[in-house]
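You asked for comments on the structure shown here. They follow as numbered points, to be read with the model open.

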Protein chains: 2
Amino acid sequence: MTTDARRPIPPERYLDRLRACREEVAARGFAALLIGVGPDLRYLTGFVGEPMERITLLVVPSEGPVSFVVPRLEATKAGATPVAASGAARVVPFGESDDASALVARLVASAGSGAAGSEAAGSEAPIGLSDRLWAMHVLQMQAALPGRRFASASTIMRDLREVKDADEVRLLALAAAAADRTIDAISAGPLVGRTEADVSREIRRRLIDEGHDLADFAIVGSGPNGASPHHDASERVIGPGEPIVLDIGGTLAGYLSDTTRTIWVSGPNGIVPEPEFVSVYDLVREAQAQATAAVRPGVAAEDVDAIARAVIAASGYGDFFTHRVGHGIGLEVHEDPYMVAGNATVLRPGMAFSVEPGIYLSGRWGVRLENIVMCVRDGAKVLNHSSLDLRVVRG
Amino acid sequence: MTTDARRPIPPERYLDRLRACREEVAARGFAALLIGVGPDLRYLTGFVGEPMERITLLVVPSEGPVSFVVPRLEATKAGATPVAASGAARVVPFGESDDASALVARLVASAGSGAAGSEAAGSEAPIGLSDRLWAMHVLQMQAALPGRRFASASTIMRDLREVKDADEVRLLALAAAAADRTIDAISAGPLVGRTEADVSREIRRRLIDEGHDLADFAIVGSGPNGASPHHDASERVIGPGEPIVLDIGGTLAGYLSDTTRTIWVSGPNGIVPEPEFVSVYDLVREAQAQATAAVRPGVAAEDVDAIARAVIAASGYGDFFTHRVGHGIGLEVHEDPYMVAGNATVLRPGMAFSVEPGIYLSGRWGVRLENIVMCVRDGAKVLNHSSLDLRVVRG
């Protein structure tokens, strides 16, 4: 059911985005962008799908018409997108035996030729490829456009996408709340005696039940498995007297949730956490709190990382915090801006990203806490609201 | 829960696959293959994951050690794969601020140099890229290895993957059975008065409940929406007296299901299908039956397509069967071999693919029926068993 809160991005927004994109293609001297199925295409057109062996490409030239090259059997669907329905892009379908890359090459070449008065177009100007375009299609396009230079389209797409508008924030908040409810339900148990995979399956079900369209990931890292930050979920049976890292997320109307809580399973005999676990937990929580408190417009992304790192390093656990403190989130679970050493990107209001410090003790356990945080005019707004207190689960 | 039937691919199989791959890299004159996260990597190593901005690459050179280049936080997980645990590949981790493409370039260059006695290696030999490697990583690798030639790794990977072994067949059959049960449950209703999106959500839940790890797609095309072959699911409310195309699939232990049934919703007043719908349904069913009956070793993939097409064309609906009749299936929902005009690939025992003719009448409705079919020694084995009789749903 579509409630008002989960209403999709309004159609006219896509026209604004495509217009802004075209301006940047010309301004930055690209001949054209080739945007394959994925988050960039969804952002620009509203087209939802999975990449496949049949290529689908939005061709955004520096001048001339925008073409939406699609397999014929996707033509109806492409034609229904706001940009096609309004005439801002024309649908160019191809058949099952047609050479789609030759078709795209002709569109790009015609965009580049006869471009009197445009310094952007021309055979020297690079062709921008969306980050997630498959290698099979990159190689096809490079073969079809020999001698042309190819570059990342993300120099343009990143700037467009990393500041969220009010509708995007609304959907991110809705997804975050759905993930929070899932964390709360799982933390109520039962957990002892179940495999990680079984708990992971329950999480995926609940992510959907709580309103996600897709359950993208449900990491369950019990005991020593929690020490591998990207452990998924195994056949290991959860026992009493050990922690579990739960890192979960899904997609709601295109927008991602991503939250992590580390809980303690005491079991029916109430095995209390070892003192080092409790102190590490408190340290990670403090690092997260300080990094979050530092978020405000004008701060560099790398500084958010550095603040969390300094808190953890000061207690001697610096070597065990093995990853960046966060990543942007929106139509992708990981996107710009990244909160990582070396990223001088300055935070702007509307940027959304994770703040997720962690400490991993190999062979023992790990602790990670993750919230999605927005940069807002006067500081930070945290989208997740599930408790950060250490939860102790008996069953 | 892992029952015996859903036990994973045995660890030693990955070593056999990697060995076979290496032999082909040398035999076909590649310098190396670069295999990113995705089905090729899962096939060769057992590594399960999603591609992300941090590159993960299995570097399979024509000679010298196989390297598994991974972000440091994936090192534990990569080290646990059968190929790494056995020493057949060495894990090469990199840190959050390291230049991973430079690291990979050094590995490729050292594989190519000092290759006395190997005609395969050397700076003229192409570097093979897995089909799904992201453009951002392709561009990074091309920048890090200037002047080198890049080609598709699929010339090798396709031959390895398109013939399934007994364990793969077992998992494909299990996934097909889970999808069949989901179709049966949905076809029992209720459907009238619900949105397509709501039904789609129920399908995704049931796909998981029936044993899938992921619910990948749940197309619900009611009435005119069924005439768009790749329609997803909309807010359209299902009414009495119209057909619905249900095209659903998920992932079970890595292997995909994909089945389509078209059902008729009569509603409580029992609105019977219009005669043309019934005759089109029977025609699609007959086309599927004849194409399936033609499957046997030695037959060309394009002939399977042609047979279904001839049946439909003979009744005057040829222009409305707008897509190939099928696609291979395994670790990907669409993979080689494709049953399409122009594909002379000869069927071999162990190949698995869809047979899914369809007829689409724009503005009215569509009919598609899809089974997964195996080529076996003496003909075809159909993995889906849900009924092909036209189901009429009252509620």
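1. The model is a predicted one. Leaving out neighbours within four places in sequence, Leu34(A) is in contact with Leu57(A), Leu58(A), Val59(A), Val104(A), Val108(A), Ile127(A), Gly128(A), Leu129(A), Ser130(A) and Met141(A). Apart from it lies another core, of 42 residues, which includes Ala78(B), Leu171(B), Leu331(B) and Ile372(B).

2. The largest nonpolar core comprises 48 residues. Leu34(A) and Leu34(B) have the most contacts inside that core. As a general background, nonpolar side chains in soluble globular proteins tend to be buried together.

3. Chain A has an open sheet of six strands in the order 4-3-2-1-5-6, with mixed pairing. Its edges are strand 4 (89-94) and strand 6 (150-152) of chain A; each has a single partner strand, so one side of each lacks a neighbour in the sheet. From one strand to the next, the twist averages 25 degrees. Within this sheet, strand 1 (residues 32-36) and strand 2 (residues 57-61) of chain A run antiparallel and are joined by five bridges. Leu34(A) stands opposite Val59(A) in strand 2 of chain A, and Val59(A) is also among the contacts of Leu34(A).

4. In chain B, an open sheet of six strands likewise has the order 4-3-2-1-5-6 and mixed pairing. Strand 4 (89-94) and strand 6 (150-152) of chain B are at the edges with a single partner strand each, so each has one side without a neighbour in the sheet. The twist here averages 25 degrees from one strand to the next.

5. Strand 1 of chain B has pairing partners in strand 2 and strand 5. With strand 2 of chain B the pairing is antiparallel, over five bridges. With strand 5 (residues 127-129) of chain B, strand 1 (residues 32-36) runs parallel, and three bridges join them. Leu33(B) has a bridge partner in each: Val60(B) in strand 2 of chain B and Gly128(B) in strand 5 of chain B. Ala32(B) stands opposite Ile127(B) in strand 5 of chain B.

6. Is strand 1 of chain B enclosed or left open by the rest of the structure? Five of its five residues are buried, so strand 1 of chain B is largely enclosed. Ala32(B), Leu34(B) and Gly36(B) point one way from the strand, Leu33(B) and Ile35(B) point the other way, and all are buried. Helix 1 (residues 11-27) of chain B lies across strand 1, strand 2 (57-61) and strand 3 (66-71) of chain B, and runs at about 55 degrees to strand 2 of chain B.

7. Helix 9 (residues 196-209) of chain B has 14 residues and reaches 20 Å from its first C-alpha to its last, close to the 20 Å expected at 1.5 Å a residue. Ten of the 14 residues are buried, so helix 9 of chain B is largely enclosed by the rest of the structure. Among the buried residues are Glu196(B), Asp198(B), Glu202(B) and Arg204(B), together with Val199(B), Ile203(B), Leu207(B) and Ile208(B). The cover over the buried residues includes helix 9 (196-209) and strand 7 (214-222) of chain A, and helix 8 (166-187), strand 7 (214-222) and strand 8 (242-252) of chain B. Just after helix 9 of chain B, Gly211(B) takes a positive phi of about 125 degrees.

8. How do the two chains meet at helix 9? Helix 9 of chain A and helix 9 of chain B pack at an angle of about 170 degrees, with their axes 10 Å apart. That makes the two helices roughly antiparallel. Arg201(A), Arg205(A), Ile208(A) and Asp209(A) meet Arg201(B), Arg205(B), Ile208(B) and Asp209(B).

9. Strand 11 (residues 326-328) and strand 12 of chain A pair in the antiparallel sense over two bridges, and form a hairpin with six residues between them. Gly328(A) stands opposite Glu335(A) in strand 12 of chain A. Four of the five residues of strand 12 of chain A are buried, so the strand is largely enclosed by the rest of the structure.

10. Met339(A) is found in strand 12 (residues 335-339) of chain A. At 0% relative accessibility, Met339(A) counts as buried. Not counting residues up to four places away in sequence, Met339(A) touches residues including Ala301(A), Val304(A), Arg324(A), His327(A), Leu347(A) and Phe353(A).

Conventions
Residues numbered from 1 in each chain as written. Chains lettered and ligands numbered in written order. Predicted model: local features only at pLDDT ≥ 70, side-chain atom pairs only at ≥ 80, totals over all residues. Heavy atoms only, no water. Core = buried A, V, L, I, M, F, W, Y, C linked by side-chain atoms within 4.5 Å. Buried < 20%, exposed > 50% of the residue type's maximum accessible area, 1.4 Å probe, protein only. Contact = heavy atoms within 4.5 Å. Pairing = 2+ DSSP bridges. Axes fitted to C-alpha atoms, helices over the stretch in contact; angles between N-to-C directions. Expected span 1.5 Å × (residues − 1). Parallel < 35°, antiparallel > 145°, perpendicular 65-115°, else oblique.
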